[in-house]
Amino acid sequence: MLPLDGGCACRAVRYRMAGAPLVVHCCHCRWCQRESGSAFALNAVIEADRVALLDGEPEVVHTPSESGRGQRIARCPACRVALWSHYAGAGPLFSFVRVGTLDDPDALPPDIHIFTASKQPWVAIPPGAKAVPAFYDRKEVWTAGSLERLQAMLPRIEAWRTAQQGAAG
Ligand SMILES: [Zn+2]
Ligand SMILES: [Zn+2]
């Protein structure tokens, strides 16, 4: 199954995920519905340095987000398909890869459905699937391996946040 390759519709941008994601979110929030023009977003969360570009260079578009701090969406500069985004919390260190852009999107079903309080009423969550009305506690959902990977990233996340505060102040 690994590595997982993907890309945009016109194939100008191609990428490779070097390993399994930390977690896969199926997000039913209204913001994801608006951005995708669909019922939910399916995002594989992974350390950004585990996503390698094979071809092309995405253009990063600053997009409003629910937190008010915005997200940066990496899009193909030609066909504009969104490939992944970076959220304000951990900035450029983590990529939320759009699972639908993988060559084999079936490889990454969601680990959890989030923000189901705003899910469109016709969407039925599969029986037995993890689902929460808003967000969740990572310790209850992520695998031990993913939590260790997050732990390993903490110094870099802290350094990035400190640099951000310096830039803002
Ligand atoms: Zn393209
Ligand atoms: Zn969302």
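This is a predicted model: local features need pLDDT of at least 70, side-chain atom pairs count only at pLDDT 80 or more; totals for chains, interfaces and linings use all residues.
Start with the whole protein chain in cartoon view. It has three helices and ten strands, and along the sequence they follow the pattern β-β-β-α-β-β-β-β-β-β-β-α-α. The radius of gyration is 16 Å, close to the 15 Å that the globule rule gives for 169 residues, so the chain is as compact as a globular protein of that length. Along the principal axes, the C-alpha trace spans about 45 × 35 × 30 Å.

Switch to a surface. The chain exposes about 9100 Å², and carbon and sulfur atoms supply 55% of that area. Of the 169 residues, 43% count as buried.

Colour the charged residues next. There are 18 positive and 16 negative charges, and their mean positions lie 5 Å apart.

Now hide the surface and select Phe 94, Tyr 136, Trp 142 and Ile 157. These belong to the largest nonpolar core, which has 20 residues, and they touch the most other members. Then select β3 (23–27), β4 (41–47), β9 (94–98), β10 (112–114) and α3 (144–168): each supplies at least two residues of this core. The largest share, three residues, comes from α3.

Centre on Tyr 136. Leaving aside neighbours within four places in sequence, Tyr 136 is in contact with Val 23, His 25, Ile 112, Ile 114, Val 141 and Trp 142.

Finally, select Val 24, Leu 83, Val 97 and Ala 107. They are among the 18 residues of another core, which lies apart from the largest one.

Note on methods. Residues are numbered from 1 along each chain as its sequence is written. Chains are lettered from A and ligands numbered from 1 in the order in which they are written. Side-chain values use heavy atoms; hydrogens and water are left out. Helices (H or I, at least four residues) and strands (E, at least two) are DSSP runs, numbered from the N terminus. The radius of gyration is taken over C-alpha atoms; the globule rule is 2.2 Å times the number of residues to the power 0.38. Buried means under 20% relative accessible area, exposed over 50%, partly exposed in between (1.4 Å probe, protein chains only). Accessible areas come from the Shrake-Rupley method with a 1.4 Å probe; for residues, only the protein chains shown count as cover. Lys and Arg count as positive and Asp and Glu as negative; His and the chain ends are not counted. The place of a charge is taken as NZ of Lys, CZ of Arg, CG of Asp or CD of Glu. A nonpolar core is a set of buried Ala, Val, Leu, Ile, Met, Phe, Trp, Tyr and Cys residues joined through side-chain atoms within 4.5 Å. Contact means heavy atoms within 4.5 Å.
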